[in-house]
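Morning, everyone. Please have the sequence and the 3D view ready, and follow along as I talk.

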2 protein chains.
Amino acid sequence: MSSELLNRLRAEVGGESVITDEDIMGSYSRDMMPIAPYGKPLAVVMPADVEGVQACVRACADACVPVVPRGAGSGLTGAANAIDGCVVLVTTKLDEIVEIDAANRLAVVQPGVVNLDFRDAVSKHGLFYPPDPSSYDWCTIGGNLATNAGGLCCVKYGVTTDSVLGLEVVLADGSLLRTGRRTVKGVAGYDLAKLFIGSEGTLGVITQATVSLRPLPQAPATLVAGFPTTAAAGDAVARIVGEGLVPSLMEIMDAGSIRASEDYLRTDLGTGDDTQALLLCQSDSGGEVARREMEALEQMCRDAGAGMTYSTDDLAEGNMLLHARRVVLTALELYGTWLTDDVAVPRTRIAELMTGCARIGEEVGLRVAVVGHAGDGNMHPTIVYDPSSEDETARAHRAFDDILSVGLSLGGTVTGEHGIGKIKQAWLEREIGPVGMWVHRQIKGALDPHNLFNPNSMFAVHGEHGPEGDNAGE
Amino acid sequence: MSSELLNRLRAEVGGESVITDEDIMGSYSRDMMPIAPYGKPLAVVMPADVEGVQACVRACADACVPVVPRGAGSGLTGAANAIDGCVVLVTTKLDEIVEIDAANRLAVVQPGVVNLDFRDAVSKHGLFYPPDPSSYDWCTIGGNLATNAGGLCCVKYGVTTDSVLGLEVVLADGSLLRTGRRTVKGVAGYDLAKLFIGSEGTLGVITQATVSLRPLPQAPATLVAGFPTTAAAGDAVARIVGEGLVPSLMEIMDAGSIRASEDYLRTDLGTGDDTQALLLCQSDSGGEVARREMEALEQMCRDAGAGMTYSTDDLAEGNMLLHARRVVLTALELYGTWLTDDVAVPRTRIAELMTGCARIGEEVGLRVAVVGHAGDGNMHPTIVYDPSSEDETARAHRAFDDILSVGLSLGGTVTGEHGIGKIKQAWLEREIGPVGMWVHRQIKGALDPHNLFNPNSMFAVHGEHGPEGDNAGE
């Protein structure tokens, strides 16, 4: 049975596109989340075109073998992790930028294009593709679409879904859905593109996207502010949001993140020893406006109690400061394995979340460093532990869950940008309640009736009941 | 049977909320689109709270009586038009602004709140709710959500869906779905809110929305430019978009619209007799930036061949100029009944669409005036005819369809912001093809299995086939 499927895949998708070598398959079986379960695939299939994707899906549907779609594997929830006996359908070979229509400020792109390559390509036309997840130098557009990825730029420019005009998707029977448009506006029928975006490979395989582009912003000016307490940094964020300022970037680092970054870069960020939190802001408005924005941001940080502020409109220096933020997760590997969480809270509650994380770190006796997108309240508390110790692993899991509890209790969500995948299913149910779960299952059943795509990732398809009650979580 | 339902509705929703007076029912039986079919409802029900909406839906579901949800009735596709024997569920009594959380720049609002009232309320907190459909002084937020309404501001700030964080929706069995969030970002599960937005009352009844707000922009500066040809105006739009300028408003009027507006306002817009198209731009960036933007816009209009340009940063004068644009549809009533179309094309194709509309007007021997949101390519060619003449009506219908054909042939969509409703169903199928139709029917069937909500509006639920072929329209 399996060999029949493999033969058909080799015949229809191409022998070189069907991988059964165990070592190679191993590297396509999981993403970057250490605690997510993963299985052993029957094969890894890497079609080079949409017809190959369709052939693969049809063959797997006929053989009742599940399909797990996958991009570069930079995910942080195990959403692209293999399950036993599945076919991992990798879209990285669909790596063409089909079209850049500068006059209409849009592009058509295949899922395998690396985010940074795409950004670079459109920037040559003076255009800007905003979504920039931390893994932007190796993650692919397909994965970004499947998870509705965010990043550092989204405080001003929105997340992936905000840039998408249309999609091409291979459905569970292998047919090709083209949905959306090339126009700025359009309301012909349901907004199907936005349904597939963020569906984590459970509804179809995205094989092409039409995305809108923005004018390339001005080179950013950068401000760093150090605060004596987390509360003061949170207060600064609240003031900035409350005053209606929209920086193009606003990141926060707690003391643990600052120290890790300094240790890793073997440098002193100049924040002083008593700095407990650091805020990093940029304005890409250019010229006098940027200067005014930077002055206002600096003033608000001072008003909130910043002990140090430093601003620069030198691009290289700004990039260096931003680099200190970007390396935090890598830097934490100095101390052990990291397990990063992803909660978003209303922007006035950031300080409370950080305080909660510090308390949880003390309770479980592990290092919990908090780094996050302060401008949209999306925080990544990161737990450092030794995975070879069963006890530390258990404590890390406990901290991971406790942080989600705090996030929910502050009116937040259990995932701001990473997704649910194979690690937060119980939390999805807790956040959206039984009616929400029922709607998810109905939609999944309607579009993928045989549960072909990424089965039981995000949620188990067999729920208990219909939508007879109101949301339990409310 | 009907009287049983009426008794139950009176008992459970309240006698004063159940209207069966034929005259009153007549005024709730259709929207603003003259050519859309409409029927005679069994009753008009106006619940005052979400429990009333749930009770109404449950009672109708039990009685197998269709429910047509409706806001103020400003729609332009008949989407809210009654069908024979239905219950029209009017949400205008759910008219509370539940919360304005200025610190987190969000608000919670019921569907019956009038768009302008909501804008005014949040502006008192220095905040801005961008979507501003032309009917903003009487349309309701609920209708805006159901149609994913656009408006004049969306060139810079997006359409309704871009402002929505979360929704509360009564489903077909009366259960209450709470979906979305209060945080800026969030990816917990499918993006259900964006599925319901623009679903034109076919999937549920929206009873509450959580929307994000922006800082109130600066008072706009305004530029008017008159062009000797439509092509020159189209060229100006293409230059502006191509140069990466993002005005906060960019509207276009053809000669017919200009003359109608002048006739109606009994004024001379000062464009000169040889002006064939007028472009109206605003910048709300404030101060020096706005001045620079206005200069650049003016220069590009001149470069494209504008015969006159006039700019002002006087707010009252700017509003007066904008008023000339806003009254076009009303002004066209001087000449007869209007039938307005709604196509969106890539922004480089605007001149071609306008030329096509002029040709069609000549062919059918009717006045076709074009007014539209040039900044996002969303045009409203408007046909003036005498509905008492069967022949003129037939020619008006033909022009309406021919304009859609031209729009599609230019890579556009058959609806930029009005929707499909009861007048463009064949066009929806033509635009999105059989696979797209199949997905629509599957989703409708999954969430509303007994076809309770607005049955056969937007599309007929019984399609011919599964998704075996690729999109026909491609």
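I will go through the sheet in each chain, then the helices, then a few single residues. Keep in mind that this is a predicted model.

Let's start with chain A. Here we have an open sheet of four strands. The order is β1-β2-β4-β3, and the pairing is mixed. Which strands stand at the edges? They are β1, residues 18-19, and β3, residues 67-70, of chain A. Each has a single partner strand, so one side of each is left without a neighbour in the sheet.

Now the pairings. In general, strands of a sheet pair through backbone hydrogen bonds, either parallel or antiparallel. In chain A we have both senses in view. β1(A) pairs with β2(A), residues 43-45, in the antiparallel sense, over two bridges. Look for V18(A), with V45(A) opposite in β2(A).

V67(A) and P69(A) point one way from β3(A). V68(A) and R70(A) point the other way. Are these residues buried or exposed? All of them are buried.

What packs on this sheet? Helix α3 of chain A, residues 50-63, touches β2, β3 and β4 of that chain. The direction of α3(A) makes about 165° with that of β4(A). The helix has 14 residues. From first C-alpha to last, α3(A) reaches 20 Å, close to the 20 Å expected at 1.5 Å a residue. How many of its residues are buried? Ten of the 14, so α3(A) is largely enclosed by the rest of the structure. Among them are V50(A), V53(A), V57(A) and the cysteines C56(A) and C60(A). Just after the helix, C64(A) takes a positive phi of about 55°.

Over to chain B. Its open sheet has four strands in the order β1-β2-β4-β3, again with mixed pairing. β1(B), residues 18-19, and β3(B), residues 67-70, stand at the edges. Each has a single partner strand, so one side of each lacks a neighbour in the sheet. β3(B) pairs with β4(B), residues 87-90, in the parallel sense over four bridges. V68(B) stands opposite V88(B) in β4(B). Helix α3 of chain B, residues 50-63, lies across β2, β3 and β4 of chain B. α3(B) runs at about 165° to β4(B).

Now α1 of chain B, residues 2-13. This helix has twelve residues and reaches 16 Å from its first C-alpha to its last. That is close to the 16 Å expected at 1.5 Å a residue. Its buried residues are L5(B), L6(B), L9(B) and V13(B). They cover an arc of only 100° around the axis, which puts them on the same side of α1(B). On the other side, E4(B) and A11(B) are exposed. And what do the buried residues of α1(B) pack against? They pack against β1, β2, α3 and β4 of chain B. Just after α1(B), G14(B) takes a positive phi of about 115°.

Time for single residues. S27(B) lies in helix α2 of chain B, residues 22-27. At 48% relative accessibility, S27(B) counts as partly exposed. Its side chain reaches the backbone oxygen of I24(B) at 2.7 Å. S27(B) and G73(B) are 46 residues apart along the chain, yet their C-alpha atoms are separated by 9.2 Å.

T161(A) sits in the loop between α6 and β8 of chain A. With a relative accessible area of 4%, T161(A) is buried. Beyond its neighbours within four places in sequence, T161(A) is in contact with N148(A), K194(A), I197(A) and K194(B).

Most residues other than glycine have a negative phi. N454(A) has a positive phi of about 45°, although it is not a glycine. N454(A) lies in the segment after α15 of chain A. Its relative accessible area is 1%, so N454(A) is buried. R266(B) is not a glycine either, and has a positive phi of about 50°. R266(B) is found in the loop between α9 and β14 of chain B. Buried or exposed? R266(B) counts as exposed, at 79% relative accessibility.

Technical notes. Residues numbered from 1 in each chain as written. Chains lettered and ligands numbered in written order. Predicted model: local features only at pLDDT ≥ 70, side-chain atom pairs only at ≥ 80, totals over all residues. Heavy atoms only, no water. Pairing = 2+ DSSP bridges. Contact = heavy atoms within 4.5 Å. Axes fitted to C-alpha atoms, helices over the stretch in contact; angles between N-to-C directions. Expected span 1.5 Å × (residues − 1). Buried < 20%, exposed > 50% of the residue type's maximum accessible area, 1.4 Å probe, protein only. Arc of directions from axis to C-beta. Polar contact = N/O pair within 3.5 Å; in protein donor to acceptor, adjacent residues only side chain to side chain.
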